[in-house]
Each structure stands twice: as structure tokens, then as C-alpha cells.
Amino acid sequence: MEISQFIIEDGLELIVFLWIVGYFIKMTKIVKHEWVPFILLIISLFFTPFKLGAYTADNIIQAVFVTGAAVLGHQFVINGEKLLK
């Protein structure tokens, strides 16, 4: 399976955007780290349908997929670094 089967091409840009936003949220230390995925989901629920053109059920699902890919990708990097040490 490829990620393109689940997330459309415009959503890939949003994954990078969410990853950067999540990084800055963590660095500011305004909220606990546990809340970052929820904040990213809220941001994604706004920006993803906006970027894709409409607030439809398919675009809302894309928003959840985009957030999941961003959070999961970040966890792979974090845990991969720990395994390599």
C-alpha cells in the first residue's frame, strides 16, 4: 500500500505544515505535549477542507488522515532516533 491510496496529493503538503506547527507548539511549551495531537487535529479540520475546496465528509476524513500521518511520522522519527542511540 502507498500513502497516495489514502491521502490525496494536496494533503501531503498539509502533513509537512502540521509537522512544523506541532514542532513550534512543543517548543513554546504553552501546552502540555499530550495536547499537541488534538491541537493539530483541530487545525487540520479547519485547513484541510479549506485547501481542498469544501467542507465535505471526504475532506473531513482527509483531515483526520493528514493529522494521523503527521503525528505518526513524527513518532517514527522520535523513536527511530532512540533506537539508533
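This is a predicted model: local features need pLDDT of at least 70, side-chain atom pairs count only at pLDDT 80 or more; totals for chains, interfaces and linings use all residues.

Modeller: Residues are numbered from 1 along each chain as its sequence is written, and side-chain values use heavy atoms, with hydrogens and water left out.

Colleague: Why is N59 called buried?

Modeller: Its relative accessible area is 11%. Buried means under 20%, exposed over 50%, partly exposed in between (1.4 Å probe, protein chains only). So N59 is buried.

Colleague: What makes α1 oblique to α3?

Modeller: Helix α1 (residues 9-28) and α3 pack at an angle of about 60°, their axes 9 Å apart. Angles under 35 degrees count as roughly parallel, over 145 as roughly antiparallel, 65 to 115 as roughly perpendicular and the rest as oblique. Therefore α1 is oblique to α3.

Colleague: How do you know that K51 forms a salt bridge with E13?

Modeller: Their closest N and O atoms are 3.0 Å apart. A salt bridge needs a side-chain nitrogen of Lys or Arg within 4 Å of a carboxyl oxygen of Asp or Glu. So the pair qualifies. A search of the whole structure finds one salt bridge.

Colleague: What parts does the pair tie together?

Modeller: K51 lies in helix α2 (residues 36-52) and E13 in helix α1, so the parts tied together are 38 residues apart in sequence.

Colleague: Why does K51 count as partly exposed?

Modeller: Its relative accessibility is 37%.

How values were computed:
Axes are lines fitted to C-alpha atoms, for helices over the stretch in contact, and angles run from 0 to 180 degrees between N-to-C directions. Helices (H or I, at least four residues) and strands (E, at least two) are DSSP runs, numbered from the N terminus.
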